[in-house]
Amino acid sequence: MLHQVIGHDQTTTPYAGERPIVPATTNDAPRPEEFRQYLALLARAHLGPKQRAKVDPSDIVQQTLLDGHRKLEQFRGSNKAEMAAWLRRMLSCNIADAFR
């Protein structure tokens, strides 16, 4: 068990061998913009030459990042891998929407 937090800016004290628990701040959370190059790579790989003639991969990526920022409060993950999966799903939906 961990000791109670005494002050709002103090962290809990762990027992021997445990790491201290540091409250997450907005600065620690991954941001959608960090994944621009990754999403661009996925978009280019997913869109063939015929699709790229109709839709620019950078437009799909930009829409995905915009959606990610707008829906950031809905993100329930806690690390970069979960953020990447969340944005990948949005990218997939945006690609599908572009060809409807």
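1. Read along the sequence, the protein follows the pattern α-α-α-α, with four helices and zero strands in total. The model is a predicted one, and the remarks below should be read with that in mind.

2. On the overall figures, 26% of the 100 residues of the protein count as buried, while the accessible surface comes to about 7,600 Å², with 53% of that area belonging to carbon and sulfur atoms. Where contacts between residues at least 6 apart in sequence are considered, 58% of them join residues at least 24 apart.

3. The packing of helix H1 (residues 36-46) against helix H4 (residues 80-98) deserves a description of its own: the two axes come within 11 Å and cross at roughly 40°, and the crossing of H1 and H4 is right-handed. From H1, the residues Tyr 38, Leu 39, Leu 42, Ala 43 and His 46 take part in the contact, and they meet Ala 84, Leu 87, Arg 88, Leu 91 and Ile 95 of H4. Sorted by class, this contact of H1 with H4 has eight nonpolar residues, one polar residue and one charged residue.

4. Turning to the aromatic side chains, the count of aromatic pairs comes to one. The partners are Phe 75 and Trp 86, whose ring centres lie 5.1 Å apart and whose planes stand at 45° to each other, an arrangement classed as tilted. The pair links distant parts of the chain, given that Phe 75 sits in the loop between helix H3 (57-70) and H4 whereas Trp 86 belongs to helix H4, the two being eleven residues apart. Both Phe 75 and Trp 86 are buried.

5. A further point concerns Ala 98, which is found in helix H4.

6. The surroundings of Ala 98 can be described through residues elsewhere in the chain: leaving aside residues up to four places away in sequence, Ala 98 touches Val 55 and Ile 60. Ala 98 and Gln 51, which are 47 residues apart in sequence, are separated by 9.6 Å in space, taken from C-alpha to C-alpha.

Key
Residues numbered from 1 in each chain as written. Predicted model: local features only at pLDDT ≥ 70, side-chain atom pairs only at ≥ 80, totals over all residues. Heavy atoms only, no water. Axes fitted to C-alpha atoms, helices over the stretch in contact; angles between N-to-C directions. Left-handed = near helix turned anticlockwise from the far one by under 90°. Contact = heavy atoms within 4.5 Å. Nonpolar A, V, L, I, M, F, W, Y, C, P; charged D, E, K, R; others polar. Phe/Tyr/Trp six-rings, centres within 6.5 Å; stacked < 30°, edge-to-face > 60°. Buried < 20%, exposed > 50% of the residue type's maximum accessible area, 1.4 Å probe, protein only. Areas by Shrake-Rupley, 256 points an atom, 1.4 Å probe, with all protein chains shown as cover.
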